[in-house]
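Here are a few notes to go with the model you asked about. Have a look at the structure first, then read through the points below.

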Amino acid sequence: MSSRGSHLVGAFLALSAGTVFSFGSVTIRESPHLDAVQYLIWRSFGLLPLVLGVALLQGKSPLRQMVSGGWLGLGGALCMTVMADLFIFAMKTTTIANALLFSSAAPLIGAILARVILKERILVATWCGIAIGIAGLLVMTWGELGSGNAIGNLAGFGVGFAYGLYSIIARLGRDRDMSGVVLGWAALTILTCGAFMLLHGVTIATPMLENTYAMIHGAVFIGGGMYLLNAAARHVGAGQLTLLAQTEMILGPVWVYLFFGEAPRLTTILGGAVLLAGVLVAALGRNFTREEEAEVAARASV
């Protein structure tokens, strides 16, 4: 496969990952009686059997998959767990707009880390896409931006940093089986949320229908999206990986409107259009180092 073809495959996978992630807005909307921690733990209860089932169908040991990921697998699971926990903390301690905006730094952080750690060349198209994407998110959240809480804002930035760092780990582990990351993430989330609920007396006995929605979110939308995201990491750079997955931000309000009739604000529509333009700019750009281009060319000639 040519380098251009490989890039387009990766772009499609990353766009698809964000699209699959975006359907979680529907299950969240259908679970009004679950607080953030309750929703997270039930979502992980749905994710865990999916990962175990896929491993068994592939004839692989789930534990061996976790071990095969090595330190990268453990780091990836920690990044995803920290990201989820910090996002919940940010949503509870600062404004929603601030939480979304600060966490949206992931593509920029991913691109910077990719340049520093992986020595990836970040092309003009990628930087333009990131800038346009940030502008779109500013438009989407403009009417709700406020000072919020400084610690909550920092937590929101931590979400973006954890996501950006995960994109680096996914790139470093693109030649190994990183399926164990999802299993590790689910297990760590269950442990951390379970400990929080035990310490604060939060019940796990919540409405079964809403629990089911949360489990569907984990099993279908999170699980499916993560497999697509890890596959995309084999073809596109870290900066593009997180930017292309921003389709989650674009499509989430669309599904809420179609399923529940909740019309988005005009700024949400305009900002989403600008963000989409940034995603398309990144999707049409290329982000390969010279070594990667040589590697892809060598594979194509075999």
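**Notes on helix packing and aromatic pairs**

1. Let's start with W255: its relative accessibility is 16%, so W255 counts as buried. Buried here means under 20% relative accessible area, exposed means over 50%, and partly exposed is in between, using a 1.4 Å probe and protein chains only.

2. A word on the basis. This is a predicted model, where local features need pLDDT of at least 70 and side-chain atom pairs count only at pLDDT 80 or more, while totals for chains, interfaces and linings use all residues. Residues are numbered from 1 along each chain as its sequence is written, and side-chain values use heavy atoms, with hydrogens and water left out.

3. Now the rings. There are four aromatic pairs in the structure; rings of Phe, Tyr and Trp (its six-membered ring) pair if their centres lie within 6.5 Å, and planes under 30 degrees apart count as stacked, over 60 as edge-to-face and the rest as tilted. F23 and W255 make a stacked pair, because their ring centres are 4.5 Å apart and their planes sit at 10°.

4. Where do F23 and W255 lie? F23 is in the loop between α1 (3–22) and α2 (24–29), and W255 is in helix α13 (residues 247–260), so the pair ties together parts that are 232 residues apart in sequence. Helices are DSSP runs (H or I, at least four residues), numbered from the N terminus. F23 counts as partly exposed because its relative accessibility is 26%. Together with F221, F23 and W255 form one aromatic cluster.

5. Another pair is F259 with F260: the ring centres are 6.5 Å apart and the planes at 45°, so this one is tilted. F259 counts as exposed, at 52% relative accessibility, whereas F260, at 23%, counts as partly exposed.

6. On to helix packing. Helix α3 (residues 36–57) packs against helix α11 (residues 208–232) at an angle of about 50°, their axes being 7 Å apart. That makes α3 oblique to α11, oblique being whatever is left once angles under 35 degrees (roughly parallel), over 145 (roughly antiparallel) and 65 to 115 (roughly perpendicular) are taken out. Axes are lines fitted to C-alpha atoms over the stretch in contact, with angles running from 0 to 180 degrees between N-to-C directions.

7. S44 counts as buried, with 4% relative accessibility.

Note on methods
Helices (H or I, at least four residues) and strands (E, at least two) are DSSP runs, numbered from the N terminus.
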